[in-house]
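The notes below follow the order in which I looked things up.

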Amino acid sequence: MASLTFNGTSVNFTDATTYYNLPSVNYLAVRSCTFNNAGVTIWPLDQIVADTQFYLRNSVIDYIAAQKGPIAQAVELRVVLPTP
C-alpha cells in the first residue's frame, strides 16, 4: 500500500474534499505529454491554481549560460535498461 506524509500528517487519498497544492513541471500538469490517464491530463486545467511559466528548459539554459568553461560530459548510468 502506498502512502504519503507531509510534516508528520498522512495524506488520505480517499478524502475527495481535501485539496493539496503541489509543484509540478508544466508538461506534466498541463499538456500531459505521455503522462496521462487514457488521454486525460493528470490534473484538470480548472485545478491549476498558479502557473509560474518557469520552464525546466529555462533552468537548463540558465545553468549552461552560467558556466565559465567547457562542460565535461559524463556517463552517469542512472538509467539502466535490461538486456534482452
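Which pattern does the chain follow when read along the sequence? I read β-β-α-β-β-α. I count two helices and four strands. Both come from DSSP runs numbered from the N terminus: helices are H or I with at least four residues, strands are E with at least two.

**Ground rules.** I am working on a predicted model, where local features need pLDDT of at least 70, side-chain atom pairs count only at pLDDT 80 or more, and totals for chains, interfaces and linings use all residues. Residues are numbered from 1 along each chain as its sequence is written, and side-chain values use heavy atoms, with hydrogens and water left out.

**Confidence.** I looked up pLDDT, the predictor's confidence in each residue, from 0 to 100. The chain mean is 75, and 69% of the residues reach 70 or more. Among the elements, H1 has the lowest mean, 59. Helix H2 (residues 56–66) has the highest, 88. Where pLDDT is low, predicted coordinates should not be read in detail.

**Surface.** Areas come from the Shrake-Rupley method with a 1.4 Å probe; for residues, only the protein chains shown count as cover. Of the 84 residues, 6% count as buried. My classes are buried (under 20% relative accessible area), exposed (over 50%) and partly exposed (in between), with a 1.4 Å probe and protein chains only.

**Patch.** Which residues make the nonpolar surface patch? I listed Leu4, Phe6, Phe13, Tyr20 and Leu22, covering about 530 Å². Patch members have over 30% relative accessible area and no salt bridge; nonpolar side chains (Val, Leu, Ile, Met, Phe, Trp, Tyr) are joined within 5 Å, like charges within 9 Å. A salt bridge puts a side-chain nitrogen of Lys or Arg within 4 Å of a carboxyl oxygen of Asp or Glu.

I checked two members. Phe13 sits in the loop between strand S2 (9–10) and helix H1 (26–31). Phe13 counts as exposed because its relative accessible area is 59%. Leu22 lies in the loop between S2 and H1. At 49%, Leu22 is partly exposed.

**Across the loops.** I then turned to the loop between strand S4 (40–41) and H2, where I found Ile48. Ile48 has 29% relative accessibility, so I logged it as partly exposed. Its C-alpha is 8.9 Å from that of Asn21, 27 residues away along the chain. Val49 is also in the loop between S4 and H2. Val49 is exposed, at 70%.
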